[in-house]
Amino acid sequence: MNKKIKVWLPLLFSITMIAGMMLGYKMRDNMPGKNFFSIDKRRPIQEVMDLIETKYVDSVKVAALSDTAIAAILSKLDPHSVFIPADDLQSVNDDIAGNFFGIGIEFNLYNDTINVINVVPDGPSFKAGLKTGDKFIKVNDTLVAGKKITSDRIRKLLRGDLDTKVVITVLRDDKTVPFVITRGIIPVSSIDASYIIENGIGYIKLNKFSLSTYREFMQAMEALQKQGLKKLILDLRGNGGGILDEATSIADEFLDGDKLIVYTEGTHFEKKEYRCKRPGLFEKGELVVLADEGTASASEILIGALQDWNRATIVGRRSFGKGLVQEQFDLSDGSALRLTIARYYTPIGRSIQRPYNNGEKAYYAEITNRFHDGEVNSADSVKHDTTKIFKTPNGKIVYGGGGITPDVFIPIDTANFSMAFAKIYYTGLVADFAYHFYLQNQAQLNSYKSTRDFIKNFTFTEDKWKQFVAAAARDSIELNNVSDKEKTNLINRIQSSIARQVWRNEGLYELMNTKDSAVLKSVELLSK
C-alpha cells in the first residue's frame, strides 16, 4: 500500500498544482483586461512615451513630458482632479497636515535680501534668538543676500528633517551674527483669529480644514467660553476647504441629535452618510457664518448643513460651488493623483457643484464674471439655478447647482477696486510700510497692552499718511487724489498690518473687523 502511494504521490502533487493554477487564473480572468495565459497589452500612451524616449530626434525629459500628459488627461475629467508632481507633494501634504519641519519665521524679500518679518513665538528661531528685522546673509555655506534668490529657494534651504541643525548668518545692527537653529515642528494654524468682539459675541476666522483644524477650533471655542461666549460669528470667507472629516466634526458641535450632516456618493463609491455623533459644544447659541466667492468645498459642506437645518444665518455672498470629493493616491515615482471619487450632498439632498462641462477655463471664469455682472454688488443680481429648488424643514427656499446663497447679502466694498488700490496690493506696499514702521517705532508699539488698547489709543496722523503717500510715489503710485472713503479704507489696512507686526493675525483681523461691513452686520444681527 505504501509503495502504491509513493508511486502515485508525484502525480497527485502535479494534479493539485495544476488545479490550483487553473483556479488562480480563473480568478484573474474576472479582473478587467486579464485572460488566462495572456500577456497584458501595452497602452498606446505608454508606447508613445517609449518611442519618444528611444526614437525622438532630440533628447527630452520624459518624466516632465509624462506629467504634462497626465495633466492633459485629467483636464478632460473635472476641474478638481489634479496631478501633483513629486517636487510639490511635500508642501501639499504639509498644508493638509497643518505643520512642517522648519525654523519658524515669516520673511519677505527687500532688495534681494531676506528680512525676518515675524518670529513664531516659542519656535526654533525664537529660542535661538532671531528677531524681527534680522537680514539673512548665509544659510549654512550658501550666500543668500544679493543673489536674486526666490522665496521657494529659501524655503527649501530652511526646511529639513526634524531636529537637524542649520546655521543662519544674519546682519543685525550692521554686524554679522551666526545662529545655530535646530529645526522643529512648525504649526500652520487653521485659525487666523479668535476673540470676543463685544457683549459675549465671539469671532473665529478659519482659513482651511487641515488635520489639526477641529482640535484648534475646539481649543478656540473653549477659550472663548471661558471669556463669556454666548453668540458666535464663524468667518469662512476665502476658506477653500480641505479635509471633509474636519468640517463634519465642527458641524457636529453646532447640530444636535443624530442629524445628517452630509452624504457622499459616486459611480464607484457607495453612499456614505456623515451624522452627528455626540453632544455639541455650541448647539444652542446664536450663530452667524460669513461666506463669499472664495468659500469652497469643505467650507460649503459645513455651511450647507447649518443652512439646511436652519441652525445659522449665512451672511455675505454666494459661495464658490464645489460639490466634489477628492481622494489622494500616491504614485510609484513619489508623485500623487488627487482624483474626484464622489459628489457630496447637503442634508436635504442639494448638490452645490457648479457645471463644468464647458471646460476648466470657463469654470473658473464664472467667479470673475460675478464681478463683471454685478452679482457681488447687488442681491438682485445673484444667479440661482431655478431647476434645483429645495426647501428646508421650516419651509425656507434654498438652491442647488451653484454654490450656497447667503441668507443676508453683503456687497463687496468697491473702494478696494480703484487702480491705485490694485497697484498697492500688487506691490505689497501696505505690508512693507507696516514692517518698516514697526522697526522704527518698536518701543511705542510694544507699549500697548493689547490690540484693543492699540485700537483705542493709536492714531495714524496726517504726517504718517504723508509718509505712506511718499512711499507709494516711489513705486509710481499716485495717492494724493484718492477719495475720503479710499483713504479711510487704506488707513485701516495700514493700521491692521501694523497690528499684525505686534500680535500677528489676531491683531490684523481684530482691527480690520472694526470696519468690515459683513462683521458689523453680523454683530447687529446677533445684538437684536
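I counted two strands as paired if DSSP finds at least two bridges between them. Helices (H or I, at least four residues) and strands (E, at least two) are DSSP runs, numbered from the N terminus. The model is predicted, so local features need pLDDT of at least 70 and side-chain atom pairs pLDDT 80 or more, while totals for chains, interfaces and linings use all residues. Residues are numbered from 1 along each chain as its sequence is written, and side-chain values use heavy atoms, with hydrogens and water left out.

Sheet. I found an open sheet of 6 strands with mixed pairing, in the order β10-β11-β12-β15-β16-β21. Its edge strands, β10 (191–198) and β21 (408–409), each pair on one side only. β11 (residues 201–206) runs parallel to β12 (residues 231–235), with 5 bridges. I204 has L234 in β12 as its bridge partner.

Helices α11 and α16. I looked up residue contacts (heavy atoms within 4.5 Å): F421, I424 and Y425 in α11 meet E486, N489, L490 and R493 in α16. The axes, lines fitted to C-alpha atoms over the stretch in contact, come within 11 Å and cross at roughly 15 degrees. The two helices are therefore roughly parallel (under 35 degrees).

Note on methods
Axes fitted to C-alpha atoms, helices over the stretch in contact; angles between N-to-C directions. Parallel < 35°, antiparallel > 145°, perpendicular 65-115°, else oblique.
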